[in-house]
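This report describes a helix and the nonpolar cores of one structure. The sequence and structure come first.

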Amino acid sequence: MVIKVFLASSSGSTAIKKKQQDVLGFLEALKVDYAPLDIACNEDNRMWMRENVPVEKKPTNGIPLPPQIFNEESYCGDYETFFDAKEDNAVYAFLGLPPPPGSKEAKEAEKAFILENGPVENGTVENETVESETVENGTDDAEDEENLEAEEVEEENLDDDSLKAPVKQEEAQEEVEDEEAKGEDDQPVSEGEEDLGSEEEEELRQLEEEEEAPEVTEQEEEDE
């Protein structure tokens, strides 16, 4: 983007010369690149300037006086609007150029932005972070609830298994004892055990006979 300043090098007006020098001197101080275009020696420059100055910015006679300032084909203003922008520290905005970082105009623009939109940290950025945190917390809470439900189900299953396990063990022990008892009852008696049983029976019979024998003798003696 080139800043075009239309001048009249051979103007006899002291006021116009002073205004032109003021504009050029300030642009040089700001280190803004510009192209001076003389309308006194170049008829094309004069015609282009008169045609491209907006109608509402032209004086009553319809002939705009230098200096007139353009950014490429975009009209910026005349000396009066340039002076107002200089007083308001808004020359870069007047020229349609971004202010350099750290300049007074950049700081003023930042303050104006903050006043209109609020600080960036407390504005949209923080709101976005808060919304993202709520979404993440929401998903985390849902996941936590699902995990808790799964743990409760597992605990219930464990409790059921823990209750069922002793019952099954007791039933198994009872079955084993029943089988052992049946095994003992079903075991065949050996020959030795049978002999011992018959001998005991004979001894018991002999003892019974001996006990009965004295009673008979006593009765016989009494009869005699």
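## Helix H1

H1 has 16 residues and spans 22 Å from first to last C-alpha, close to the 22 Å expected at 1.5 Å a residue (1.5 Å times one less than the number of residues). Helices here are DSSP runs of H or I with at least four residues, strands are runs of E with at least two, and both are numbered from the N terminus. This is a predicted model, in which local features need pLDDT of at least 70, side-chain atom pairs count only at pLDDT 80 or more, and totals for chains, interfaces and linings use all residues. Residues are numbered from 1 along each chain as its sequence is written, and side-chain values use heavy atoms, without hydrogens and water.

Ile-16, Gln-20, Val-23, Leu-24 and Leu-27 are the buried residues of H1 (buried is under 20% relative accessible area, exposed over 50%, partly exposed in between, with a 1.4 Å probe and protein chains only). They fall within an arc of 90° seen down the axis of H1, so they line one face of the helix; the arc is that of the directions from the helix axis to the C-beta atoms. On the other side of H1, Thr-14, Lys-18, Gln-21 and Ala-29 are exposed.

The buried residues of H1 pack against E1, strand E2 (34-38), strand E3 (68-71), H3 and H4, with contact meaning heavy atoms within 4.5 Å.

## Nonpolar cores

The largest nonpolar core has 17 residues, and Ile-69 and Leu-95 have the most contacts inside it. Such a core is a set of buried Ala, Val, Leu, Ile, Met, Phe, Trp, Tyr and Cys residues joined through side-chain atoms within 4.5 Å. H4 gives the most to this core, with 4 residues.
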